[in-house]
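My notes follow in the order I took them.

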Amino acid sequence: MTQNLADASRPAPVPAAEPIAASAGASRGWWRDAVIYQVYPRSFADANGDGMGDLPGVRARLPYLRDLGVDAVWLSPFYASPQADAGYDVADYRAVDPMFGTLMDADGLIRDAHALGLRIIVDLVPNHSSDQHEWFQRALREGPSSPLRERYHFRPGQGENGELPPNNWESIFGGPAWTRTTDPDGTPGDWYLHLFAPEQPDFNWENRAVADEFRSILRFWLDMGVDGFRIDVAHGMVKAPGLPDLVTGGDQLKLLGNDVMPFFDQDGVHAIYREWRRILDEYPGDRIGVAEAWTPTVQRTANYVRPDELHQAFNFQYLGTSWDSAALREVIDLSLDSMRPVGAPTTWVLSNHDVTRHATRFANEPGLGTQIRTAGDRELGLRRARAASLLMLALPGSAYIYQGEELGLPDVTDLPDEVRQDPSYFRAAGQDGFRDGCRVPIPWSGTEAPYGFGPTPGGPSWLPQPAEWAQLSVEAQTGDPTSTLELYRSALTVRRAQPALGAGTEVTWLEAPEGVLAFRRDSAEGSFVCTANTTGEPVRIPSPGRLLLASAEAGREDGEILLAADSTAWWAV
Ligand code: GLC
């Protein structure tokens, strides 16, 4: 691995953000260019040694995140849950699952984070609850006449004896999106809708009690001091009236994100966000909403961030783009052009807990999608991942980092079947079900598993870590200027020091050789050029300026710069 920095010296550290007071930053729009780190609590840090990450573990590691240089932390769900979908099946929205700690731990975590200058975003799961949620349990227990059934989608089946599902929708995790209930007298009853696992019944958002309950849940966590919500399946809450059959034949899952579906991205969802925005705005300190919305186009994604709706929406079209200069340029332009009319920043992301890590995606041939089973060429994948991350962090807008990507972690593609927990794995007709591979607990230190994830060498971790991860731990990478961790640390330090990075909404494309992206960003404080060589060969260009940072060492030849294969560099001009 080559040098990150031109002269191997880290840029002068920039002090981390000031402590955050509840009234802070009301009109600054901190989120517009924020770097936000996703913590997947199960796999971040395990304080009590039971093999499962927890909130005290996250709390103890907050200084690491502050030193990394991120602005905020998004926590995947830690609420009371039977864990049928790793916590995205919530039984009580106002309680912390004992597996993760207590409400006091959540309170302590939020306070500590604010004292360190870090904001906290929590996950909100409004499309569905757990089947163990009190409302759903009562709806089942009380039988067909229960008013609680109105809060979900209960329907009689089709066929002579109601033995067929009410429509032809399929679950995202495979199989039908409907499960038949048994009435209290033991006879087969109505069916209920679940776009995901059967343990995740969909709420009926036409019902006022559902809307009221979620407004109250928002206030509960806002009163706890959180700075925002990442809204799970933000495109799913409203279904087309009458729940019509899907008319397109073939594999429904292949259509997701590409086509208009009667259960996704319906225009009705926007009324919910306009209501929520008013609640967010009542609170001091610029609280935000972030949409996880899989839509057919970036233009449709922009609808979620209109001025009276949410603040950010993940750019999944960017996440799905391969390491190819033309494709990247096209998606960057399209994204910026789509967000400009609504005045929202673009929210870049390369990895999360649902997709194969980008170090592994880029190690494989393009076009395999975001659920990949093969390790591919690891060295190539890491080289490209480092370059892709620097490119992302040079773009205008906000960027999300998924825990472990700063360590260059690959997906674990060879987990034995008996340890897998992803519900889609067990509903084999669905997605490939390989999300466990990006959820393996991250390595912190030491030479024996769980590598500091838990307190005891040789102790448990809920998914096994590969032996090679000893070399990828935070401890192993700290202080090594060639490591991916130090590359991220340097990148975030430079980003804080250079307002031309992140801020604004424009890039100016510069002429560049085939396969190379070059763009300039300007701000009152200075200008900056980013070059990304997406080819497998070094490429010679005239020097763009003073090298700030590179994902792989740039050479010099006859007064020109030799960009390393699959590398990104930042230049001050
Ligand atoms: C979102 C989550 C994913 C979960 C699904 C159902 O896509 O990111 O992990 O399985 O929603 O809640």
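**Helix α10**

I first listed which residues of α10 are buried: S325, L328, V331, I332, S335, L336, S338 and M339. The model is a predicted one, and I kept that in mind throughout.

Next I looked up what lies over these buried residues. The cover includes the helices α8 (298-302), α9 (316-319) and α12 (378-393). Strands β12 (347-349), β14 (508-509) and β15 (516-523) are also among the covering elements.

I then checked the length of α10. The helix runs over residues 325-339, which makes 15 residues. From first C-alpha to last I get 21 Å, close to the 21 Å expected at 1.5 Å a residue.

At the start of α10 I found a contact from D324: one of its side-chain oxygens comes within 3.3 Å of the backbone nitrogen of A326.

**Ligand site**

I turned to the ligand and its shell. Which residues come nearest to the ligand? Of the 14 around it, they are D85, D232, E292, H353 and D354. Sorted by class, the shell holds seven charged, four nonpolar and three polar residues.

I looked up polar side-chain atoms facing ligand oxygens. For E292 the distance to an oxygen atom of the ligand is 2.7 Å. D232 places a polar side-chain atom 2.9 Å from a ligand oxygen, and for H128 I also noted 2.9 Å to an oxygen atom of the ligand. Last, I took the area: the ligand alone exposes 310 Å², and the protein buries 96% of that.

Conventions:
Residues are numbered from 1 along each chain as its sequence is written. This is a predicted model: local features need pLDDT of at least 70, side-chain atom pairs count only at pLDDT 80 or more; totals for chains, interfaces and linings use all residues. Side-chain values use heavy atoms; hydrogens and water are left out. A residue is near a molecule or strand if one of its heavy atoms lies within 4 Å of it. A polar contact is a pair of N or O atoms within 3.5 Å; within protein, one must be able to donate a hydrogen and the other to accept it, and residues adjacent in sequence count only if both atoms are side-chain atoms. Accessible areas come from the Shrake-Rupley method with a 1.4 Å probe; for residues, only the protein chains shown count as cover. Ala, Val, Leu, Ile, Met, Phe, Trp, Tyr, Cys and Pro count as nonpolar, Asp, Glu, Lys and Arg as charged, and the others, Gly among them, as polar. Helices (H or I, at least four residues) and strands (E, at least two) are DSSP runs, numbered from the N terminus. The expected span of a helix is 1.5 Å times one less than its number of residues. Buried means under 20% relative accessible area, exposed over 50%, partly exposed in between (1.4 Å probe, protein chains only). Contact means heavy atoms within 4.5 Å.
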